[in-house]
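Please look over the two chains shown below before reading on. The notes that follow are grouped by topic, beginning with a single residue and moving out to the elements around it.

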Amino acid sequence: MATVELRFSAQPEHVRTARLVAAAVARRAGVDEAVLDEVRLAVGEACSRAVGLHRGNGVVTPIRVVLTEGEKTFSIEVGDEVPGAGAEVGGGVPGARAEAPAGDPDDVDGEDEMGLAVIRGLVDDVEVTVGEDGGTIRMSWPIASVEADADILS
Amino acid sequence: MDLSLSTRTVPGAGGDRTVVEVGGEIDVYTAPKLREQLVELVNDGSYHLVVDMEGVDFLDSTGLGVLVGGLKRVRAHEGSLRLVCNQERILKIFRITGLTKVFPIHTSVDEAVNAVD
């Protein structure tokens with residue numbers, strides 16, 4: 001259960017670093033080469049979304065990315081610290097994330113939702129949770145274990 | 001890799017077209033630069049744009065948002081925004097977001113420049 005953890009301040013320029021690290025760790029873990037583009041894109045989307053949430057809500061703590069190599073799967077968790085409504089069933093005080101500014105009014109509405117749509121389209125195993133302490137996007141991909149052993153040269 | 005942008009005017013079958021050649025990565029950090037370029041072109045009266053994405057290595061939803069924003073702007077002037085892209089990894093993003101129905105996507109700059117609605 002090898003784990004790599006990355007924390008970065010909510011600056012757009014660091015999202016690329018997160019993508020590169022995630023792709024490198026995924027490759028080492030034995031994720032199929034053909035899927036690495038998806039890993040790169042999905043983690044970039046999740047991090048961009050987290051950066052937007054932190055900046056839009058004035059949250060100064062870093063964004064957390066945890067890359068975990070399991071026996072059969074490689075998983076990525078991207079966590080933000082913007083409190084959510086906590087309870088979608090209602091009754092709770094709506095969280096800040098529901099009121100995140102939309103940004104440039106000329107821009108496309110729901111860019112944030114487009115990011116999530118891309119993640120859902122790309123990744124079969126994805127889980128989005130929102131709690132009082134923030135939100136987490138958890139994604140995982142299968143590991144091509146047989147190829148990984150033979151892939152010593154890369 | 002940073003984003004590179006260059007523009008040129010090319011005569012097409014339906015009139016002059018402004019070709020925006022984009023290279024590098026379009027993401028949350030670099031997309032504002034592309035947005036500025038598109039806004040500037042429209043403000044300067046270029047309403048028929050062709051965005052050549054053959055040199056793009058990476059595109060995320062922020063980049064898609066900027067392209068949709070550009071499309072909205074040119075349409076307000078009865079213009080057009082056409083894309084040139086042959087890269088499967090980039091086309092896939094347009095496909096899963098359903099944007100292949102929104103943008104005319106061409107296989108060459110020549111084809112895009114000479115396309116007429």
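**Briefing on a predicted two-chain model**

V65(A) counts as buried, because 25 other C-beta atoms lie within 10 Å of its own, and a residue is called buried once that number is 20 or more.

**V65(A) and its surroundings**

- V65(A) has its place in strand β2 of chain A, which covers residues 63–69.
- Leaving aside residues up to four places away in sequence, V65(A) touches L6(A), A18(A), A22(A), C47(A), I76(A) and V78(A); of these, A18(A) and A22(A) are among the buried residues of α1(A).
- V65(A) and D80(A) are 15 residues apart along the chain, and their C-alpha atoms are separated by 9.2 Å.

**Chain A as a whole**

- Chain A contains 4 helices and 5 strands, and read along the sequence these elements follow the pattern β-α-α-β-β-α-β-β-α.
- Of the 154 residues in chain A, 34% count as buried.
- Among the contacts in chain A with a separation of 6 or more, 67% are accounted for by residues 24 or more positions apart.

- Helix α1 of chain A, residues 13–29, has 17 residues and reaches 26 Å from its first C-alpha to its last, which is close to the 24 Å expected at 1.5 Å a residue.
- The buried residues of α1(A) are V15(A), R16(A), A18(A), R19(A), A22(A), V25(A), A26(A) and A29(A), a list that includes the arginines R16(A) and R19(A).
- These buried residues of α1(A) pack against β1 (2–8), α2, β2 and β3 (73–79) of chain A, together with β2 (15–26) of chain B.
- After α1(A) comes G30(A), whose phi is positive, near 100°.
- Helix α2 of chain A, residues 36–56, has 21 residues and reaches 30 Å from its first C-alpha to its last, close to the 30 Å expected at 1.5 Å a residue.
- In α2(A), 17 of the 21 residues are buried, so this helix is largely enclosed by the rest of the structure.
- α2(A) is followed by G58(A), which also has a positive phi, near 65°.

**Where the chains touch**

- On the side of chain B, 15 residues are in contact with 20 residues of chain A.
- The elements that give two or more residues to this side of chain B are α2 (61–75) and α3 (88–96) of chain B, and α2(B) gives the most, with 6 residues.
- The residues on the side of chain B that touches chain A divide into 6 nonpolar, 5 polar and 4 charged.

**The annotated domain and the strands of chain B**

- UniProt, in an unreviewed entry, places the feature "domain: STAS" at residues 19–116 of chain B.
- Over residues 19–116 of chain B the chain is 44% helix and 28% strand, and the end C-alpha atoms are 15 Å apart.
- All 5 of the 5 residues of strand β4 of chain B, residues 80–84, are buried, so the strand is largely enclosed by the rest of the structure.
- Both faces of β4(B) are covered, with S80(B), R82(B) and V84(B) buried on one side and L81(B) and L83(B) buried on the other.
- In a regular strand the side chains alternate between the two faces of the sheet.
- β4(B) pairs with β3(B) in the parallel sense over 5 bridges, and L49(B) stands opposite L81(B) in β4(B).
- β4(B) also pairs in the parallel sense with strand β5 of chain B, residues 105–106, over 2 bridges, and the bridge partner of L83(B) in β5(B) is I105(B).
- Two right-handed β-α-β units involve β4(B), one made by β3(B), α2(B) and β4(B), the other made by β4(B), α3(B) and β5(B).

**An exposed loop residue in chain B**

- G45(B) lies in the loop between α1 (31–43) and β3 (48–59) of chain B.
- G45(B) is exposed, with 9 other C-beta atoms within 10 Å.
- G45(B) and H77(B) are 32 residues apart in sequence, while their C-alpha atoms are 9.0 Å apart in space.

Technical notes. Residues are numbered from 1 along each chain as its sequence is written. Chains are lettered from A and ligands numbered from 1 in the order in which they are written. This is a predicted model: local features need pLDDT of at least 70, side-chain atom pairs count only at pLDDT 80 or more; totals for chains, interfaces and linings use all residues. Two residues are in contact if their C-beta atoms, placed from the backbone, lie within 7 Å. Ala, Val, Leu, Ile, Met, Phe, Trp, Tyr, Cys and Pro count as nonpolar, Asp, Glu, Lys and Arg as charged, and the others, Gly among them, as polar. UniProt positions are given in the numbering used here, feature names are shortened, and annotations may be inferred rather than shown by experiment. A residue is buried if 20 or more other C-beta atoms lie within 10 Å of its own, exposed if 12 or fewer, and partly exposed in between; C-beta atoms are placed from the backbone. Two strands pair if DSSP finds at least two bridges between them. A crossover is right-handed if, with the strands pointing away from the viewer, the path from the first strand over the helix to the second runs clockwise. The expected span of a helix is 1.5 Å times one less than its number of residues.
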